[in-house]
Every structure is written in C-alpha cells, then in structure tokens.
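Below is a short report on one chain of a model. It covers a helix pair, some strand pairing and the overall build.

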Amino acid sequence: MRKKISPYFIVGSIFLLVIVLSCILGLLGAGPDPEKTNSASKLMAPSMSHLMGTDNLGRDVFARVLSASKYTLLISFAGVTVALVIGTVAGMLAGYFGGIWDRIIMLLGNSVMCFPGILLALVAVAVSGPSLFNVIWALGLVFAPTFARVYRTEVIKIKGRDYILHAKILKVNPIRIMAVHIFPNAFAQIIPAIVIGLANMTLSESAMSYLGLGVQPPKASYGKILSDAQSYITAAPWLVIFPSLMLVIYILGLYFISEGIRGDK
Amino acid sequence: MKERITYILSRVLELILTLLLVSLFTFAAFSVIPGDTAQTILGPNATPEQVEILREKMGLNDPLAFRYLSWLKGAFTGNFGNSISFNSSVSSLIVSRLPVTFGLSLLALILVLVIAYPSAVISSRRPGKFWDQVFSVFGHVSFAIPPFVLSLLSVLLASKVFGYFAVGKYVSPAKDFGGYLYCLLLPAFCIAVPKIAMTFKFLRASILTEKNNDYVRTSKSRGLSDIKIMFKHILPNSNVSVITALSIVLSDLLGGSLIVEQVFNLPGLGRLLLQAIGRRDFPLLSGIVFYLATMMVIIYFLADILMNMCDPRLRRNRGEL
Amino acid sequence: MSYIDYILKVNDLSLDFGSESSKTLHDISFDLRKGEILGLIGNSGCGKTMTSLSVSGLLPKEARITSGNIIFDGKDLLKLSEKEMRNIRGKEIAMIFQEPYTALDPLKTVYKNLEEVLTEHEDLTKDERRQRITGMLRRVGFEDADIILGRYPHELSGGQRQRVLIAGACLLKPKLMIADEPTSSLDTVTSMSILELIKSLCAEFRMSVLFISHDLSVVGGICDRVIVMQSGKIVDSGNTFDLLYNPINPYTAGLLSNSRLDPKILDLKFNKPSFSSECILRVTGLSAGYESSRGFRKVRNEVIHDITFKILNGECIGLIGSSGCGKTTLTRAVSGLIKPTSGTISDMKGRLGVVFQDPVTCLNPSHTVKWHLEEPLKANHIKLAPSELIKVTRSSLEAVGLEEKILGRKPSQLSGGQRQRVAIAMCLMLSPSLIIADEPLSSLDTTSGARILDLLSKINRERNTSILLISHNLRVIRAATSYVLVMDNGRIVEDGPTLNVLSDPKSECTKKLLLAEEKLHQNPDRNQFMTE
C-alpha cells in the first residue's frame with residue numbers, strides 16, 4: 001500500500017522551510033544589523049539595499065524579520081512541548097483510570113479552559129512580568145487542557161478494545177499499557193491538534209506582543225514588529241505587509257502540513 | 001425522570017465547583033502581585049504611615065483566607081469594589097462596556113452561522129471537487145491570518161478603497177441603533193473570519209463522517225434523494241459535534257474581541273481589560289477576569305445541556321463511557 | 001406447458017472498478033420467480049453484495065457495469081434514470097442489511113425512522129401513517145408496538161433493531177426484498193426468529209426474496225433455490241434440497257462440509273481426557289458483576305451467580321447459551337479482568353491464554369506481529385536467550401500455520417483469519433495449559449472458521465492444551481468439545497458430556513437452543529414452484 005503524499009503536505013513543508021531558513025539566517029547574523037538604528041534612512045520603501053524597507057527608527061525590516069523568526073519558532077515549539085507533556089500525562093491518567101481521577105482532572109482542566117487562552121496568558125504575564133520564559137510556560141499551561149481533552153477521548157475509546165483487555169489479562173504493568181499499548185494508537189489523533197496548537201500559540205503570542213506583553217524590546221517577534229508598525233500603516237504599508245506575510249506563511253505552512261497528514265485518513 | 005434530575009444536579013454541582021476554582025485562581029493570581037496596591041494608589045510621594053493607614057482601611061493586612069472569602073462574597077453579589085484608576089465601581093464599568101462586547105460577539109456568531117453552514121453543506125456534497133477546494137483553501141488562509149493583521153489590513157483597505165470611515169467613531173445603541181450596527185460590522189467580521197473557517201472545517205468533517213454511516217444507506221435504499229438525506233439525517237447528526245465547536249468559537253470570541261477593540265478603538269470589555277493591566281488596577285482586573293471566566297463556564301454548561309438535548313444517547317449519565 | 005412468472009431476471013451482468021483486472025462480476029445470470037426465496041451463497045469477496053447492489057442501483061461511484069441487463073418486473077433497471085430508481089427503491093425493491101449499530105438514525109425514534117418510507121412514496125395523513133406503522137410493527141412481532149414507536153435505536157437489542165428494519169422494508173409491500181446477511185451478527189435463537197419472520201412475510205405478501213449469506217446450511221431452512229458464487233462467477237445452482245443432500249459440485253460440497261463441521265470430513269479430533277487426568281482449573285460458587293453509577297450512587301449489577309465447574313488437563317470443554325446469559329462476564333472473571341463478588345478460582349495450573357471474537361480489534365494496530373508475540377513474555381517477566389526466543393516464536397507460528405515473514409507485518413496488512421491466528425499464536429508463546437476461546441469463529445466466514453477450528457484441534461492434540469470454547473453455534477460445540485456447560489440468566493442450568501446433553505437435553509434452555517438450531521439448518525421438504 002503506497003501512500004500518496006498530499007500536495008498540501010508539500011506546500012506546507014515548503015512554507016515551513018522558508019521560516020526555518022529565515023530563522024537560521026537570523027541566527028547566523030546574515031544581513032544588516034537588526035538593531036542598528038539610523039535616523040537618516042527612516043521609513044524608506046523597499047529597495048535593493050533594504051529588501052523590505054526600513055522602519056520608523058531606520059532599522060532594516062528584513063533583518064528584523066529574520067531575527068524575529070527565531071523567537072516565533074522558539075515560543076511556539078517550546079510552548080507546545082510544555083502543553084503536550086502536561087496534557088498527555090493528564091489526559092492519559094484521566095482516561096485510563098477514570099472515576100474520581102477523571103472528574104478531578106477534567107474539573108481542573110475546565111477551570112483553566114474557562115479563561116480564554118489569551119486572557120490567562122495575559123494575566124500570568126501581568127503578574128510575573130513579561131519575559132520569554134513566562135510567555136512560554138503561560139501559553140503552555142493554557143493550551144494543555146485542550147491536548148488533555150483530545151487525548152482523554154482517544155484513551156477512553158481505546159481502553160475498551162480487545163487488545164487492551166488482552167494486555168490486562170496478561171497482567172502487563174499499567175504504566176507499560178499506557179505508554180506502549182495505548183500511546184502509539186492515541187498519538188495519531190493528537191498530531192493534527194499539535195500542529196493547530198503550534199499555529200494557535202503563534203497567534204496568541206503575536207497578539208500578546210502586539211499588546212506589549214510578549215517579548216520585550218530590543219528583542220522582537222512578528223507581533224511586536226506589527227504593533228510598532230500600526231501607527232504608520234498608511235504612510236508605510238510595507239511595515240505591516242512583510243511581517244504579516246511571514247506570520248501567515250508560518251501558520252499556513254503548519255495548517256497545510258496538518259491537512260496533509262490528516263488527509264490520508 | 002429521577003435520572004434527569006440527578007444528572008442536572010450533578011452538572012450544577014460541577015458548575016459551582018468550577019466557579020470556585022476559577023475564583024481561587026483569580027484571587028491567588030492577584031494576591032501574589034509584586035508592588036503594593038496601596039502604594040500605587042497614593043503615588044510615590046506618600047509616607048509609609050499614610051500607606052499603612054490605607055492598607056488597614058482597605059483590609060490588606062487581614063489574613064489571606066479572610067480576604068479571599070470577603071472577595072468571594074463580593075464576587076457573587078457583583079460587588080468588586082471600586083476601580084483604582086477610574087472613578088467608579090468596577091461593576092458599573094463592566095456594565096458600561098457590555099453593549100460593545102456583546103454586540104460584537106453576537107454579530108460575529110451570526111456571521112459564523114450564516115457563512116459556515118451553507119458553505120460546509122455545499123463543500124461536502126462533492127468532497128475534493130471544485131467548490132470544496134475553493135472553500136477549503138479560503139478556510140485555511142482565513143484561519144492563518146491573525147485577527148489583528150486582518151483588522152489592520154481591513155482598516156487599510158476599507159478606508160482607502162471603500163471610504164468606510166467608521167473607525168474611531170462609536171455610537172451608543174441607545175442613541176442610534178443603525179449607526180451602532182454599522183460601526184460594529186467590520187470589526188465583527190474581522191473577529192468572525194477565523195471562527196468561520198474553524199466551524200466550516202468542523203462541520204464539513206462531521207458531515208463527511210456521518211455520510212459513511214449506515215443509516216444513510218438505509219435511507220437511500222428507501223428511495224430518498226441525497227439532498228433529503230442531508231437535511232433529515234446528516235445535518236442533525238452532525239450538529240452534536242458542531243455544538244462543541246461553536247462553544248469553543250463563542251469562548252474564543254472574547255480573545256479575538258480584545259485585539260479588534262484595540263485596533264478599531266471601540267470601548268469594549270477587552271479594551272477595559274488592557275487598560276486595567278496597563279494601570280495595574282487590580283480590583284478592576286480581578287472583576288473583569290472573574291466575569292469573563294464565569295461567562296465561559298456558563299456557556300460551556302449551556303452547550304453541554306444543548307448537546308444532551310440533541311442526542312438522546314447522551315441523555316443518560318453513564319458511569320462507563 | 002408450465003409458465004413461470006419471473007420478478008427478476010439478471011442476464012450476463014459484468015462489473016468492474018475501472019479496469020479489466022478489477023473485474024468483480026463475470027457474466028452473472030440468474031432469475032428469481034415471484035414469491036420465491038432465492039439464496040445467494042459464497043465466501044467473502046465472491047461478489048454477492050456487488051450483485052445485490054447492482055440490482056438496487058446503490059453501487060459505489062467507482063463501480064462500472066460493463067455488460068448485461070437487469071429486468072425487474074418487465075423494466076430494465078440499468079436503463080432507468082436515478083429519479084426513476086428512487087421511486088422504485090423502498091416501494092418495489094426493499095433492502096435489509098447486516099445489522100450494525102447505526103442502520104437506524106440514532107437521533108430519531110422508531111416511529112420517525114419508519115415514517116420516512118411512507119412520506120417518501122405515499123400521501124397519507126398522520127393518523128393513517130401511525131396506523132400503518134403500528135400495524136406493521138405488530139406484524140413483525142412487537143406486541144407492545146405503541147411503546148416501541150417512541151423508543152430510540154440505542155434502547156433496542158440487535159434482534160429488535162433488525163425487526164424494525166424489516167418492518168420498514170415491508171411497509172409498502174415491495175415485490176422484491178434483498179436481504180444481505182441479515183442474521184450474520186445475531187445469535188442462533190434470534191436468527192431463527194428473524195428468518196421465520198421473513199418466510200412468513202414472504203408468503204403473506206407474495207414477496208420475492210433474494211437472500212444473501214455465506215453459510216450454506218442456514219439457507220436450508222428458508223430458501224427454495226440456491227445459487228453458489230465464487231470469485232464473481234456462478235459455480236452452482238439448483239433447488240435447495242438437491243444442493244444440501246446431493247451436492248455434485250465439489251466447491252458446494254466443500255462449503256457444506258465447512259459449515260456442517262462434520263468431523264469425519266474435516267478431520268477434527270479433539271482430546272478426550274481420562275478420569276485420571278488432573279484438574280487444571282476449578283471454579284467454585286463464582287458470582288460476579290459490574291458497577292455503574294446513576295448520578296451519585298453506585299449500582300451493583302450481578303450478572304453471573306454461583307458458577308461451579310472444573311476443567312481437566314487436555315480437555316476441550318464447551319460453554320453455550322444465548323446472548324446475554326453471562327458467557328462474556330464469566331470469561332472476564334476467570335481471566336482476571338473483573339473481581340468476583342464471591343466464590344473462588346483455584347487449582348489453576350499453568351498459564352491462561354484468551355482468544356477474543358473480533359479479529360479487527362484483537363491486535364494492537366500500531367505494532368508488528370513480532371511485537372505481539374514477544375509481549376506476553378515481557379509481561380510475565382520471562383527472559384529468554386535470543387536463540388530460545390526464535391525457537392519458541394517459530395514453533396508458535398508453525399502451530400497456527402503462519403509463515404515467518406509475517407513477523408514484520410502490522411495488523412492492517414493481515415486478513416481476518418490471519419489476525420485470529422496471530423491472536424492464538426500469542427497465547428501459545430506462554431505455553432498455556434488453558435486457552436479460553438470466546439466465539440472465535442463468529443466473525444469469520446465458514447471456510448475460515450473451519451480452518452481455525454482445525455487449528456485449535458491440533459493445538460489441543462499436540463500440546464495437550466485444554467480449551468474452553470464458547471460459542472452459540474451448536475455445530476462447533478458438537479464437533480469440538482467432549483463436555484459442555486449450558487448457561488442461562490447467569491447460572492449453569494445443565495452440564496455433562498456433549499453428546500449426552502445435545503441429544504438428550506434436560507433443561508428448557510438447552511431444548512430451546514437445539515430447536516433453534518434444527519430449524520435454522522433444516523432441510524426443505526418441498527419446492528413449491530416446480531410447475532405453475
């Protein structure tokens with residue numbers, strides 16, 4: 001049985017590659033210095049020397065965008081990892097043991113979920129100050145219940161199946177059942193949620209940066225660049241268009257990949 | 001009948017427990033805030049004695065549990081005290097902003113239903129073919145654009161291309177209902193776009209799953225046409241999962257509304273929240289957060305009940321799933 | 001001159017899925033007379049379902065009819081438009097299928113589910129509809145038809161749902177009913193009642209029935225004539241009496257012997273233990289059940305009561321009873337999945353292996369066969385040297401008739417019969433002294449089922465493994481077991497040597513099961529359509 005590679009998957013991977021590339025370039029310090037201000041060349045339209053133009057402080061937009069890529073990638077991947085670890089363990093325990101544990105974990109999860117994503121992260125950051133670390137764990141915490149929920153549903157579906165009953169009859173250690181018998185089968189369902197989670201996390205983070213509560217200057221993520229650009233939108237639209245484009249490419253890439261993976265079901 | 005009552009009671013209990021937990025989180029978050037509230041009110045020139053008097057007056061020196069309980073009592077009666085930065089009570093502030101936030105959310109919800117449903121039905125009739133591809137791609141792109149990007153871009157587009165100058169001019173519904181709707185339309189649309197995409201995705205997937213079920217085959221063997229089967233059987237069965245999606249949409253509307261209110265300069269709850277954060281106005285902040293969370297809990301609760309009404313299989317509370 | 005009135009004539013029907021190599025039906029020709037019940041028999045994949053779908057016009061989009069015609073009541077169905085076909089479906093041609101859980105819309109009551117048949121084809125008032133539906137529900141055996149109207153599908157049993165579907169199919173008194181494996185997922189007693197129902201409806205409405213099944217002997221009780229299909233071709237046909245008593249065609253004879261499980265033909269030999277054999281499992285006074293929560297309270301539901309029996313070394317013992325009698329609960333209690341409320345399980349010597357019914361869910365889809373075979377050892381902390389491991393694996397695979405190259409495959413790459421065998425091989429890895437087989441043949445067609453039974457007999461003989469065989473199919477029990485337990489309502493109502501119990505039953509329950517089996521596999525006494 002040959003699996004056809006979905007065109008979605010290919011396009012999505014290309015998009016993702018673009019972002020990864022820009023991240024690498026940013027790390028390597030290619031291009032002009034993103035933090036170097038130059039009052040002489042403020043708000044210049046895209047040209048050969050400044051591929052994406054300059055911003056209100058004369059900084060090269062291209063360079064800024066490249067350097068911002070790494071924060072975007074870092075935050076979304078780290079955040080999703082946190083959410084995944086917490087969510088998977090919680091969902092597994094809730095689903096497998098059921099009963100009172102299930103209710104407790106779901107109750108906790110629901111309470112967290114009641115704070116709409118961004119809100120909780122905002123509050124957490126407002127409380128302990130904006131920093132990269134805080135943004136990551138706050139977002140991770142907010143997204144964990146969603147993963148837990150999806151995972152728990154899968155676990156409940158799987159645990160009644162004959163092969164799990166068989167494992168129980170064989171007296172396989174419960175932890176081994178959860179990790180080796182159930183996990184590989186449940187994980188497939190989570191993959192689309194992970195990819196969407198990456199995308200949503202990026203959206204949330206950029207919204208937070210936009211509101212001034214994400215990464216702090218001089219570091220910047222796409223959201224921060226956009227927030228600075230807001231007042232100049234009519235005068236220098238390129239300030240908004242290019243970062244938006246990068247953001248959209250990243251998220252679209254993730255969505256397309258998720259479609260490509262799910263398309264084979 | 002007795003089963004129903006026990007079921008509803010247990011759900012209500014869960015509701016109350018969740019609210020209590022929510023209140024605990026809120027209170028805990030705000031009581032560990034660095035920086036002294038009284039100090040902030042009096043400003044940097046206050047003497048330590050003045051700060052201490054104010055603290056005593058505000059009850060900030062009482063034991064933590066006591067403060068929590070009195071805050072809780074206030075919360076359930078709608079009294080959150082007075083805002084530090086604005087000159088009125090927290091509850092009146094919240095109430096004054098409701099028309100905007102409610103209006104946006106409602107308009108956005110209507111847009112979601114009106115656009116997502118028909119397109120999902122059309123898409124699923126011939127999956128993979130022309131309309132499906134078109135709608136799906138549209139859906140993906142809409143989902144990927146962050147709300148504030150969309151808002152920024154649409155402000156740009158609207159003012160330059162369409163001469164739509166409603167940005168910055170907000171009219172209260174009491175004064176001019178038509179104008180109120182007019183200025184909320186574009187922001188509502190900006191909020192709705194990613195939600196439309198998500199609902200479309202959910203509904204389409206749900207319809208395609210239901211199509212594979214055997215009752216479709218049964219109805220076909222009885223001579224019903226595809227369209228009839230869609231409306232009589234497939235859509236009602238898909239609704240259950242869509243309600244889940246819609247409740248997520250509704251709860252997310254608030255997050256989207258935050259940004260949009262900022263860009264379009266609308267005096268809604270989201271704006272108020274941001275101002276409260278900026279000014280470290282904690283009574284206001286805790287009031288808004290608690291209010292929002294409560295709305296969320298109630299929405300999920302209602303959605304759950306709605307789902308149970310729609311699907312007779314879920315009506316009995318089973319211990320084993 | 002004899003004149004025979006045909007309702008359906010299929011001529012030279014060929015079907016493929018877009019290419020010559022995917023040809024599924026090859027020049028199928030048969031006819032169906034008015035009021036006749038025609039059986040269409042064959043193993044999975046022989047094309048019987050495709051044939052029925054061609055008649056009703058419900059073929060999947062990819063299917064292509066490349067030749068032939070289907071004349072129904074004088075009209076060529078293949079030439080009709082979709083709209084004309086829709087008029088015929090439900091009104092003149094009705095279909096009933098194998099009963100999976102969702103053949104009825106789960107959100108609608110029985111009444112609403114059936115109402116659409118009437119609203120689609122006829123103009124009746126609400127009262128008239130209600131009357132008709134209630135009347136038909138009574139006709140199919142619901143005495144409390146008024147109550148059933150308001151029930152939802154998930155509140156009915158499998159047999160009840162099938163009756164509702166039959167009621168829906170007969171509401172407009174169609175000329176032709178196509179029944180595709182309608183009883184394959186039901187137990188013997190229920191199957192028999194459904195078949196009786198179809199027979200009586202057919203006689204009353206003078207309806208013709210195309211009855212599709214994989215079990216040749218089942219059709220004996222219901223069909224007038226039979227067609228046998230293999231790989232998309234018709235290989236045998238004739239009246240049922242001849243086919244069942246004097247099968248000339250070797251393929252038909254093979255199907256029949258697989259279905260009858262005649263030990264003389266199939267070489268099924270199971271061990272008969274002697275009196276001095278040691279006991280390897282003793283169950284005394286066992287009671288067990290489940291808990292469920294209603295709101296806040298927990299309710300205890302006792303399913304099995306006071307079960308006592310013992311199994312001897314090398315014995316093959318059967319457990320029979322109709323659905324719901326507690327067989328599965330007993331299996332779970334003995335294998336340790338649920339804790340008994342009272343009673344003891346003692347003298348357990350050696351290890352236990354369990355084989356479940358459903359080949360689809362018995363293996364973990366994410367792991368290879370090799371992993372499956374090694375897992376029982378890991379779970380029991382048995383560490384073997386690599387050479388030992390290979391030896392044990394090889395011998396287990398050999399015992400179930402599978403090749404070594406299957407080790408690297410995943411369940412999705414195996415057939416139902418192969419998966420069932422891997423499940424058995426998994427048990428063998430531990431060299432169990434007892435294997436509990438819970439309805440191991442029920443989801444397989446007769447040929448695969450016979451092979452599995454053969455396999456079990458070899459294991460029993462060569463390794464002296466005891467087997468507790470649970471089945472609702474008395475032929476399986478008769479062929480394989482030397483001792484049998486009969487369960488009803490959670491208790492053992494009768495037990496004894498198999499031949500004794502099945503030929504001279506003492507309890508009501510056993511008598512009912514035997515009666516059902518007899519009626520199901522009965523030979524027809526006459527063919528009523530020799531001349532018209």
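The crossing of α7(C) and α18(C) is left-handed, meaning that the near helix is turned anticlockwise from the far one by less than a right angle (clockwise would be right-handed). This is a predicted model, in which local features need pLDDT of at least 70, side-chain atom pairs count only at pLDDT 80 or more, and totals for chains, interfaces and linings use all residues. Residues are numbered from 1 along each chain as its sequence is written, and chains are lettered from A and ligands numbered from 1 in the order in which they are written.

Helix α7 (residues 188-205) and helix α18 (residues 508-520) of chain C pack at about 45 degrees, with axes 9 Å apart. On the α7(C) side the contact includes C:Met192 and C:Leu195, and on the α18(C) side C:Leu513 and C:Ala516; contact requires C-beta atoms, placed from the backbone, within 7 Å.

| Partner of β1(C) | Sense | Bridges |
|---|---|---|
| β2(C), residues 25-33 | antiparallel | six bridges |
| β4(C), residues 64-72 | antiparallel | seven bridges |

C:Leu15 stands opposite C:Leu25 in β2(C), and C:Asn11 faces C:Asn69 in β4(C).

Chain C has 18 helices and 19 strands, counted as DSSP runs (helices H or I, at least four residues; strands E, at least two) numbered from the N terminus. Its C-alpha trace spans about 70 × 55 × 45 Å along the principal axes. Of the 532 residues in chain C, 46% are buried, that is, with 20 or more other C-beta atoms within 10 Å of their own.

Methods:
Buried ≥ 20, exposed ≤ 12 C-beta atoms within 10 Å, placed from the backbone. Pairing = 2+ DSSP bridges. Axes fitted to C-alpha atoms, helices over the stretch in contact; angles between N-to-C directions. Contact = placed C-beta atoms within 7 Å.
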